[in-house]
Structures are given as C-alpha cells and as structure tokens.
Amino acid sequence: MIIAIVVVLVLIVLGLVIYNVSIHRKIQKFKNMNQKITNLYIIQDFLNTVGETISVEEKIKKVNDILIERYEIKYSTIVVFDGAEYQIKASNVDSKHWHALKNLQDIDLFKDSIEAATPKYVTVNNEKEKLPYQEMEFGRAKSAIFFPLYIDNVYIGYWIIESGTPHDFDNVDITVLEVIKENIVSILKMVVHQKVLESIVRKDLFTGLYSEEYLYGEGKKQIDQFTLSTVCMFTITNIQEINKRYSRELGNKVIKEISKCIEDDLSSDYVFVRYMGPKFVIVFSGAEVEGVADYLNEIKLKLETMQVTLTEKEKQEISLEVNPFKSKTMSQYNETAVPRLNFVISSYYKGTGLEEVLKRLEEYLDHADKSESDITNI
C-alpha cells in the first residue's frame, strides 16, 4: 500500500516537473516571440525615421531616442568618425561628459574590441569604483557595453550603452543588442546618401538659385509639409540659338533675367531651382495643377514678351576682354533676344519619388519638338 502511494506521489511529482518544464518553455517561447515582435516594431520605427524629411543629424538622434525608450536603456551614445574626427551624433548623456565618450577608441580596453569587431562589456563591483574611461563622472555609469560599428568591413565608429548600476548587463541577451547594433549600422548606411546630397547643395553662379540637389534635402522638407504639390519644369528652348546667333553673354543674361523675374514674382512658400543648363524647376508646395494654371499662363506670357539686351557697360566689359579667338563683331552685341519657353507640369504626392517625377518631366522636354512652346500636363 505504502509502495503504491509512493509510486503515485512520484508520478505526480514527475508530472508536475514535466508540466513546469512545458510551461517554462512556453513562457520562454512567448518571450522570444514578444521580443521579435518588439524588434519588428522598432525596425519599422527606424524605417519611418529614415523616410522623414528631416536632416541626417536629426534622424540619428531620433533613432537613438527610439532605442532608449523602447529598450529602456539608461544611457545610449552613437559616435561616428566623419573623416577628420570622432563626433557624437546622438546621446542622452550630459554634454559635459562628451569629451570622454568621443575618445573611447583611444582607450586600451576598447582597442581589442575594435580590432576584433566584437562587443566589450565593462562593469565595476561597488559604487566607489569608476569605469576605466571615465574622467570625472563617478556617479553616472557603473556598467557599459561597447559595440564597434562597421560598414562594409570599414570601422566607422561605435555605439555604447551604459547603466548606473554595477553588473546591470550581466544577464542581458547580447544577441538582441547585436541586432540593434546592425539596425544602427543600416540606418547610418541609409542616411549617408542624404548626407552627401546635403553637403553638395550649392547656388548657381549666374542666377543665385539653388541647384537640383536642394530639391532632395532642404527643399523636400518644405515640399513634404503637404500631401499634394505641383511640379513644373521649363526650359528655354531657343537658348542655343541666342548663344550662336548673338553671343553667349547675351544668352547668360537671358537666363539671369528669366530667373530674376520668376524669383521676384514667386511666393516664398514655393521652391524654385535651376535644374540643369536652361532647365528650371518650380515646385508649388500644397497646390494642385488647376491652381497654378493661371500663374503659369501669366508668367509664360510675361517672359516670352521680354526683350533682353546688353547694357553699354556690359558691352564695354566685353570689348575689353583680350580674346584673339572671339569671332563676334561688336554689332552682334547690340542685338535683342526674346526667349521662348516650353513648360511641363505634373502632380507630386508626398512619400513618392520626387526624382522619378522630375525624370519624367525632363524626358518630355528633351524629346519635345524644339519649336514647341506650351504648358503641358503629364
């Protein structure tokens, strides 16, 4: 009888053990699934941030804020080498500590981590100790994990997370943090192209207008404040004729006068750039095609009745130029040029490819008959 009871009890205990193991596995599976879902949501937040019309610096700071909030990280700092020096691109640490944080590549403790492309975990054992890289911050951070960042096997900087508690990262899942690190690298790779565009934006020497690149950076911020805008591209169809028949100086003045006329007349809410050569782009932010039709008809009429001539001062400057190859006679500099323009317009929706709209407009103008002088909606 006693043996039977013992056997029953053993079976019950084994059953409970098996049940507990099963429950533990299910909980672990749920945690893993929950972590994956969390990671997917965070990746989506990252992608949304990349798509926003804000500067590269703002995007990196926003990504860091997402990491801090979603993963409940006490301190997070992203440091990137810009080709000349290491710069803190994002951090929620007080700026008085930045000098130490942006020079971690010089600390022996982290040099091996950089060379091996592996994370480095450092911590203290009590509140009186400080981390090796700290200069004056005894009470702020007591544990940290350093992650070197690489793009295409090239070291570009690091991400460091910190906690004010000793051994706070002892049981952290490093694989999850590695995934976050790779997401940071992906963000940096994505925004590097935007950074290039922001850095090469320039103003055209003749007109004082921004170049095409402006449309994809600062200009797009203004344009994308609205769901729908109208993009207009126009070209001076007879500019080559003016250059050849009269003079390049007169052709340059035609370009200047046209750009000045539109710039003086155009609302500051709209974006106006010199696209390329004799092509210009106006983006009517927040306006539908029908809403800009009257303006385009008026400005086209105004520009095509414009008579452009060189002033006496301009002609004197030309005559003083020492150029033995100049084939123009001074009488040709007395001529008057009348520009002829061809316009094409299209709608642009926020979130779609502005470059694709511009490409389509440019292709239309490039293949249009040279004698065409219309306002075409495509």
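Leu296 touches Cys232, Phe284, Phe343, Ile345 and Ile375, with residues up to four places away in sequence left out of the count (contact means heavy atoms within 4.5 Å). The model is predicted, so local features need pLDDT of at least 70 and side-chain atom pairs count only at pLDDT 80 or more, while totals for chains, interfaces and linings use all residues. Residues are numbered from 1 along each chain as its sequence is written, and side-chain values use heavy atoms, without hydrogens and water.

**Nonpolar cores**

- Leu296 is also one of the residues that touch the most other members of the largest nonpolar core, together with Phe234, Ile258, Ile262 and Phe284; this core has 32 residues. A nonpolar core is a set of buried Ala, Val, Leu, Ile, Met, Phe, Trp, Tyr and Cys residues joined through side-chain atoms within 4.5 Å.
- At least two residues of this core come from each of β6 (228-236), α7 (239-245), α8 (248-265), β8 (279-284), α9 (289-304) and β9 (341-349). Helices (H or I, at least four residues) and strands (E, at least two) are DSSP runs, numbered from the N terminus.
- A second, separate core comprises 21 residues, including Tyr71, Ile161, Val176 and Val185.

**Ser259**

- Ser259 belongs to helix α8 and counts as buried because its relative accessibility is 1%. Buried means under 20% relative accessible area, exposed over 50%, and partly exposed in between (1.4 Å probe, protein chains only).
- A polar atom of the Ser259 side chain lies 2.8 Å from the backbone oxygen of Lys256.
- Ser259 touches Thr207, Leu209, Phe272 and Phe280, not counting residues up to four places away in sequence.

**Salt bridges**

- The whole structure contains 9 salt bridges, each defined as a side-chain nitrogen of Lys or Arg within 4 Å of a carboxyl oxygen of Asp or Glu.
- Lys111 and Asp108 form a salt bridge, with their closest N and O atoms 3.4 Å apart. The two residues are separated by about one helical turn, because they are 3 residues apart in helix α4 (residues 108-116). Lys111 is partly exposed at 35% relative accessibility, whereas Asp108 is exposed at 59%.
- Lys221 and Glu218 form a salt bridge at 2.9 Å between the closest N and O atoms. Here too the separation is about one helical turn, because the residues are 3 apart in helix α6 (residues 218-223). Glu218 is partly exposed at 42% relative accessibility.
- Glu178, Lys181 and Glu182 are linked in a network of salt bridges. Within it, the side chains of Glu182 and Lys181 meet at 3.3 Å, N to O. Lys181 is buried, with a relative accessible area of 10%, and Glu182 is partly exposed, with 40%.

Definitions and conventions: Polar contact = N/O pair within 3.5 Å; in protein donor to acceptor, adjacent residues only side chain to side chain.
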